[in-house]
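Trainee: Can we go through this one together? I have some questions.
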Amino acid sequence: MSSITKRQFLALGVGAVAIAGAGYAWSQSTATSNAPAFEERSMTVAEMMASGALVVDIRRPDEWVETGVIDGATLLTFESPNSFLEKIGPQIADGRDVVLICRSGNRSRLAAEALAPMIPNHVVSVVGGMSQQIAEGYQTSRPVCPAC
């Protein structure tokens, strides 16, 4: 076994620290990129509206008619991320948050998951959806839309 000089020993140590630092930086960037780019949150209608976000009811027109809608919400059925963004893009160009609500929270979570990587805006899926809002006493409005 050969002996190493102090200079070689220091060079190995500095190299090891550099490699460890690069590994740590990579792990942090990977951890950040794997984090969900959207949030699931329980919110009241008052909180949604006070947030300044674009609130979008992504249910189908027959569901809007059946249960009513949130007064002031945008009514737009989510069919695909691209067609959805074509329609709401101008309304969120200012960077505001997007709050999605459906019947129970399942579709809004899937839609938020699909949209979040495509836009810089913060996307929120409302936990419990309209079912929870109605159960908590929110009085819905009749929908005003051509498809209804």
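Trainee: What does S108 touch, leaving out residues up to four places away in sequence?
Mentor: S108 touches I58, L100, I101, C102, S125 and V126, where contact means heavy atoms within 4.5 Å. This is a predicted model, where local features need pLDDT of at least 70 and side-chain atom pairs count only at pLDDT 80 or more, while totals for chains, interfaces and linings use all residues. Residues are numbered from 1 along each chain as its sequence is written, and side-chain values use heavy atoms, with hydrogens and water left out.

Trainee: Is S108 buried or exposed?
Mentor: S108 is buried, at a relative accessible area of 0%; buried is under 20%, exposed over 50%, partly exposed in between, with a 1.4 Å probe on protein chains only.

Trainee: Which side chain does the S108 side chain make a polar contact with?
Mentor: That of S125, at 2.7 Å. The S108 side chain also reaches the backbone oxygen of G105 at 3.2 Å. A polar contact is a pair of N or O atoms within 3.5 Å; within protein, one must be able to donate a hydrogen and the other to accept it, and residues adjacent in sequence count only if both atoms are side-chain atoms.

Trainee: New topic. What does F84 touch?
Mentor: Beyond four places in sequence, F84 touches V56, I58, L76, T77, F78, L100 and L115.

Trainee: And how confident is the model, by mean pLDDT?
Mentor: The chain mean is 84, and 74% of residues reach 70 or more; pLDDT is the predictor's confidence in each residue, from 0 to 100.

Trainee: Where does pLDDT stay under 50?
Mentor: Over residues 9-33, for which the model has two contacts beyond four places in sequence.
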